[in-house]
Structures are given as structure tokens and as C-alpha cells.
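Subject: Model handover

Hi,

Here is the model I promised to send over. Have a look at it first, and then read on for what I found in it.

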Amino acid sequence: MLKIAIYGKGGIGKSTTTANLSAALSTMGYRVLQIGCDPKADSTKNLVGRSIPSVLEQLQKNPHGLTREDLVFPGFNSTFCVESGGPTPGIGCAGRGIITAFEKLEELGVYETYAPDIVFYDVLGDVVCGGFAMPMRDGYADYVFIVTSGEMMALYAATNIASAIKNFGKRNYAKLGGIILNQRNIANEQALTEQMAKEINSQLIASLPRDGIVQQAEAQCKTVVEAFPNSGMAACYQELASKVLEVCHG
Amino acid sequence: MANSHPCFAKTLLYTSPAHGGWGLVRVGMLVPESFQLFIAPAACGRHGAISAYQHGYKDRLAYYFLEEQDIISGSYEQQILQAVEQVLSRLAQKPQAILLFVTCIDDLMATDLESLTIELAQRFCGIDFSFCHMNPIRNESKLPPPAHIQQQIFRLLKSTDNQLSTVNCIGNLLPIDGQCELYSFLHSLGISQIKHISQCKTYAQFQTMATAACNLVLSPNGLAAAKRMKADLGIPYLELPVSYALDNIDQQYEQLQQALGKTSSMDLSVLRQQAEQEIAQTRQLLGDLPILLDGAAVAHPFALAWFLYQQGFSVAGVFAEQPTGQEKHYMQQILEYCPQIKIQPPRHPRTMLRSNQTQQALAIGFEAAYITQSRYVMDLLNDETMFGYHGVCKFMKMLRNSYISPNNLQDLINAYGLVI
């Protein structure tokens with residue numbers, strides 16, 4: 001089982017990229033489980049075609065009698081989808097929410113039962129507390145990929161995430177697999193991102209063009225891979241999927 | 001019939017002065033040659049510190065008080081390492097193991113304690129480390145603090161290839177009474193030694209528990225430890241929760257033979273008869289005296305209440321939290337067949353407000369005695385030292401003694417060292 005965490009600044013396109021990666025890998029014959037680790041709980045919306053109840057919502061409704069089927073929902077092309085969810089905005093602890101959700105998934109034997117080949121953790125924004133660093137811990141992700149644009153704040157967030165991975169380097173945590181550029185079409189974007197990747201001793205593994213077809217697919221609550229399988233953008237995601245596997249398998 | 005009872009609805013909780021048991025500090029102190037370091041806000045230390053003082057452990061315990069800045073800055077992990085260094089620099093004799101206690105705050109911070117344990121062991125060679133949680137926030141989880149600490153103290157055992165013809169008793173906090181037939185029964189099955197952590201005088205002796213052929217789990221709080229020892233050390237386990245029901249005891253000895261793959265030549269029927277005689281003698285003495293029991297005295301109060309009722313005792317009430325597992329079944333039996341037995345959670349505020357002042361009654365357990373102000377109280381907590389037919393005989397003798405020579409509840413609480 002290969003476990004991969006996708007990190008990046010909020011709003012940079014992590015969930016879109018992750019859902020398309022899951023869809024692309026499923027078309028390559030892999031069993032994929034995607035776990036959204038964002039209190040917004042919208043990581044898997046385009047895979048399932050609708051919002052699904054999060055682990056924390058379900059726990060609140062039924063603290064002691066949850067089953068795997070209450071948490072894991074089927075998505076496009078036999079993918080499996082989970083949303084950890086989070087507290088009411090403005091109160092509670094989002095990081096603790098991720099921990100609780102992960103513990104529940106383990107307790108219910110989700111990994112063993114669904115036996116995915118690949119697990120994606122789609123993690124909100126920056127590494128801000130222990131909860132958000134959970135997915136990169138020993139036993140969770142083997143590799144972290146960072147989604148960024150060439151904008152300064154996105155690059156700054158990417159550097160922070162890389163720094164967290166480096167800080168935990170002596171522990172058996174996830175390795176940094178590489179940087180995924182999700183273009184915003186700003187000046188010098190590729191060069192700026194490559195420079196940042198070099199500074200953190202990593203590599204730019206893919207550059208996804210800005211394409212309106214992504215929004216068209218999202219309007220249908222689908223991934224590009226599902227809605228426009230023959231499009232150039234779908235080919236980009238397929239290529240990214242192959243590249244991710246190549247990095248992870250050395 | 002529903003598995004629950006309306007009295008278990010969530011509410012405010014009242015903690016009586018008779019509430020409590022060993023406490024985590026005392027359980028952790030079972031590890032010989034160990035030291036405890038609490039990393040917590042000052043307020044979290046009060047209970048454990050008083051308990052340690054009362055039980056004579058104050059030289060084996062230190063506190064590193066966290067402040068807000070330590071929590072928000074992310075320097076917490078680093079501070080744990082520094083705190084250990086400081087403690088070691090001040091101890092005349094290096095401990096063999098350090099138990100590091102974190103509190104509910106850590107549940108929110110999600111410190112990677114597993115990685116920190118490895119780092120500590122690398123930095124302070126020759127000392128074993130284990131993280132324990134004093135986190136009542138997890139009281140209702142699948143691994144509440146009393147179970148978690150047992151898991152963590154037995155995680156200090158190191159894997160070995162040697163497997164000897166010994167068994168460990170785990171879960172119980174004091175060893176089974178030396179007169180119990182379990183010892184001779186196990187000897188008859190080829191077991192050379194029965195070990196309990198409290199009987200290990202040194203850390204090296206404690207480590208020999210890793211060579212056991214089997215763990216006998218005598219209390220539900222030891223089950224997580226047993227599962228972990230099976231995974232880490234390859235020691236199989238057998239659940240033998242302390243029971244006072246004679247048929248259950250028969251079955252437990254059968255289970256033991258099956259688990260160890262041998263048949264005993266020991267005749268247990270004589271012991272069963274003795275236990276039956278003790279029960280009859282006690283019933284005759286107590287007559288219709290109302291009996292009340294609580295969940296701190298025994299791990300399975302509903303099973304005991306049902307058994308005593310079946311034996312003709314006048315069981316009047318059970319003060320226990322919401323039952324789980326087999327205990328649910330016994331609660332249902334009570335609700336269905338003997339509804340006159342009152343079931344009340346001891347910490348429900350109404351339990352104290354109701355007219356529970358029975359006076360002319362015998363309470364098994366301090367909390368039941370405190371709530372009902374019963375005249376007689378049996379000095380038992382955590383099924384301590386009980387097992388098998390001998391346990392039943394001892395239990396019945398204690399019941400009779402508590403009636404013939406009444407105990408003073410406050411003296412018992414003080415002597416036991418309960419801390420609220």
C-alpha cells in the first residue's frame with residue numbers, strides 16, 4: 001500500500017489535483033482511497049459527485065455505533081472516498097479533528113478492509129499544528145507532494161511544509177516526493193517554482209497548465225478525468241499520475 | 001429490552017470522597033526502579049502529587065510544569081528532552097526506566113510520542129522510556145487511562161527468544177492471595193512460576209516477565225496490555241476476569257487447561273464444596289440484611305449482584321457506571337427478574353440526593369457505603385487478591401467480618417489513600 005500526502009497553501013488546487021490523480025490512477029487499474037483532511041470536507045466532492053458526510057459529522061451523530069460504510073463512500077471508477085471533516089468554523093480544534101478521524105478509520109479497519117493500492121491524504125494548507133502534521137508521520141504517508149503556484153504566498157507555504165518535513169527528517173516520516181506546479185499564469189511562474197524547488201533540495205515533477213476545462217468539470221461535480229477523459233488536461237493528470245508513481249517507486 | 005438504562009443518561013457528575021482507586025501514579029510505580037516525570041500544567045499535577053506523597057513515592061516523581069508559551073510555540077517536545085536531562089542530573093541513582101506522563105493537553109497537540117520515545121532512548125542510553133497519559137478526556141474511549149497505563153508499563157518489556165514455563169498475571173494490581181488454588185493448579189499443569197509485577201523487586205526481574213508462556217488477564221484494564229504483549233513479544237493471553245460465580249470458576253479452570261494444552265489431576269470439587277459452605281454460612285449470618293455493591297469494589301458488579309441474588313442474598317442496589325460487554329447481560333437479568341435491585345451510577349448527582357440513607361445495610365465497596373451511609377462496609381477495591389474458589393471463600397469471610405466487626409468508612413478511605 002502506497003500512501004501519499006498532498007500538501008499546499010489553501011485554495012491552490014490541492015483537492016482538484018488530488019481528485020484527478022485518484023481518478024487517473026483508478027483508470028490505470030489501481031484501487032485508490034482518498035482521504036480529505038480539510039474541515040471544509042470538499043476534497044472528494046468531484047470523485048463522488050456530491051458532498052459526503054465527514055467522519056466527525058458521523059461521529060457526532062452516532063458516537064459508538066459507526067460502521068465503515070458510514071465513513072467510506074464509493075467514488076468514480078471504484079475509488080473510495082473519506083472526508084475527515086472539522087469543527088464548526090471559529091471554534092473547536094481542526095487538528096484534533098484530523099487525529100480523531102484517523103483513529104476512527106484505524107479502529108474500524110478501513111485500510112485492511114478496502115485494501116487500497118494507493119491512499120491519498122489531501123491536507124489543508126500549511127503545517128500549523130501536530131494534527132496537520134499527522135499525515136506525514138510514520139505509518140501514514142510515505143511521500144509528500146506539495147502543490148503550489150508561482151505566487152509568493154504559495155511558494156512560502158510550500159517552503160514551510162518542506163521545512164516541517166526536514167525537521168522531522170531523523171524520524172521515520174514521509175519523504176518529500178516533489179513539487180507540483182498548478183499554474184496561475186503569473187510572470188516567470190515556472191522559473192520561480194523551479195528555483196524554490198531547488199532551494200528546498202527537491203524537484204518540480206509536473207507543471208499543470210491553467211485550463212478552463214477544470215472549472216467546466218467541477219461545474220458537473222466531476223473530475224476532468226471523468227468528465228473530459230480525452231482532453232489535454234486529462235492527459236496532464238494522467239502524466240502526473242505516472243510521474244508520482246515513478247517518484248514513489250524510485 | 002434496551003441495553004441501556006435511563007439512569008445512565010449524560011449529566012453533570014458528582015465525585016464523592018469515597019470515589020477512586022489506585023490512580024495512575026500508583027499503578028506506574030509498580031515498575032521497579034522506575035521514575036515518573038509529569039509534563040503538565042501545574043493544576044494537572046495536584047491529584048498525582050498528593051497520591052504519591054500519601055503512598056511514599058514522592059522521591060520517585062517530578063513535575064515539569066508547562067506554561068502557555070511552551071504549548072503555543074512548539075517548543076514542547078524540546079522541553080520534554082530538557083526536563084529529562086534535568087531530572088537525571090539531580091537523581092543520585094539513575095532509574096532503569098522513566099515513565100513520562102502527559103495530560104489532556106497532549107491529546108490536542110498530537111505530539112508524536114512514539115518518535116520522541118526513540119529519540120529519548122538514543123540520547124539517554126541505558127534507560128527505557130514509556131509515555132503514559134493522564135487524560136481523563138479519554139475516560140470513555142476504547143483505551144481509557146487505567147487500561148492505557150498498563151499497556152505502557154508492559155511495553156517496557158523487551159522481546160526475548162526465551163520462553164519459560166511461567167505465566168504472568170496481569171491487569172490485577174495486587175497479586176492473587178498466596179493461598180489461592182490457582183497456584184497449585186498451574187503447577188499441576190507444569191507451570192513453574194506465576195509472576196506479578198508487584199512481586200518484581202528489580203527492573204531485571206520485571207524484564208523476566210517477557211519470557212512467560214502465557215498472560216492471564218484478570219482485569220479488563222489489562223486486556224490492551226495483553227494484546228500488545230502478544231503482538232510485540234509473542235505471548236498469548238487468556239482472559240480470566242475475577243469471578244465469584246462458581247460455574248464461571250469451573251469454566252475458567254477448564255479454559256486454563258485448554259490454553260496450556262494440559263490436563264490437571266487436581267480435584268477442584270472439594271474446593272467448590274468449601275466455597276458453597278462459605279456462601280451458605282454467610283447467607284445464614286446476614287439473613288435479609290440489604291447488600292449494596294459498587295463498581296470500584298469489583299470489576300463486574302452486575303455479575304456479582306446477580307450471583308449473590310441467585311444465592312439468596314438480599315441484594316438491594318448496585319452503584320456502577322454504564323456496563324459494557326457481559327456486564328450488560330447481567331444488568332438486563334437484574335432489570336428483568338429482580339427490579340427491586342436499584343441500579344444507580346455513583347456519580348449521578350441524583351444518586352446522592354435520593355433517600356439512599358439505608359443505614360442498616362452492608363456495602364461492598366467504599367462508594368456504596370458513602371452513598372448509602374450503610375452501617376457495615378466491606379473493605380474491598382478492585383477485586384484485590386481475589387481469584388477462584390479461594391477468592392469466593394475469602395470474599396464470604398470478609399463479608400461476615402465486616403458485619404461482625406464493623407469498619408469505619410473514613411478510616412478505610414484514609415488507610416487506602418484515596419485522593420479526590
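First, a term you'll need throughout: a residue is buried if 20 or more other C-beta atoms lie within 10 Å of its own, exposed if 12 or fewer, and partly exposed in between, with C-beta atoms placed from the backbone.

Some housekeeping. This is a predicted model, in which local features need pLDDT of at least 70 and side-chain atom pairs count only at pLDDT 80 or more, while totals for chains, interfaces and linings use all residues. Residues are numbered from 1 along each chain as its sequence is written, and chains are lettered from A and ligands numbered from 1 in the order in which they are written.

On confidence: pLDDT is the predictor's confidence in each residue, from 0 to 100. Chain B has a mean pLDDT of 92, with 97% of its residues at 70 or more. For the model, ipTM is 0.72 and pTM is 0.84.

Chain B overall

Chain B has 18 helices and 13 strands; helices (H or I, at least four residues) and strands (E, at least two) are DSSP runs, numbered from the N terminus. Its radius of gyration (taken over C-alpha atoms) is 22 Å, close to the 22 Å from the globule rule (2.2 Å times the number of residues to the power 0.38) for 420 residues, so chain B is as compact as a globular protein of that length. The C-alpha trace of chain B spans about 65 × 55 × 40 Å along its principal axes.

I call two residues in contact if their C-beta atoms, placed from the backbone, lie within 7 Å. Take the contacts in chain B between residues at least 6 apart in sequence: 75% of them join residues at least 24 apart.

Domains of chain B

There are three domains in chain B: domain 1 (32-146), domain 2 (166-260) and domain 3 (269-416). These bounds come from an automatic or database domain assignment. The centres of domain 2 and domain 3 of chain B, taken over C-alpha atoms, are 25 Å apart. Their contact takes 19 residues from domain 2 of chain B and 21 residues from domain 3 of chain B. On the domain 2 side, α8 (181-188) and α11 (246-260) of chain B each supply at least two residues. That side of domain 2 has 13 nonpolar, 4 polar and 2 charged residues. Here Ala, Val, Leu, Ile, Met, Phe, Trp, Tyr, Cys and Pro count as nonpolar, Asp, Glu, Lys and Arg as charged, and the others, Gly among them, as polar.

B:F387 sits in the loop between β13 (376-378) and α17 (388-404) of chain B. B:F387 counts as buried because it has 27 C-beta neighbours inside 10 Å. Leaving aside neighbours within four places in sequence, B:F387 is in contact with B:I176, B:C180, B:L182, B:L218 and B:V242. The C-alpha atoms of B:F387 and B:I249 are 8.5 Å apart, although 138 residues separate the two along the chain.

B:L285 belongs to helix α12 (residues 269-286) of chain B. With 13 C-beta neighbours inside 10 Å, B:L285 counts as partly exposed. Beyond its neighbours within four places in sequence, B:L285 is in contact with B:R400 and B:Y403.

Chain A, and where the chains meet

In helix α8 (residues 189-199) of chain A, the buried residues are A:E189, A:T193, A:M196 and A:A197. Seen down the helix axis, they fall within an arc of 100° (that of the directions from the axis to the C-beta atoms), so they line one face of α8(A). They pack against β6 (143-148), α7 (152-167), β7 (175-182) and β8 (204-208) of chain A. The face turned away from the buried side of α8(A) carries the exposed residues A:A191, A:K198 and A:E199. Just after α8(A), A:N201 takes a positive phi of about 60°.

A:S78 also has a positive phi, about 65°, although it is not a glycine. A:S78 lies in the loop between β3 (73-75) and β4 (79-83) of chain A.

Between the chains, 7 residues of chain B are in contact with 11 residues of chain A. The chain B side has 3 nonpolar, 2 polar and 2 charged residues.

Cheers
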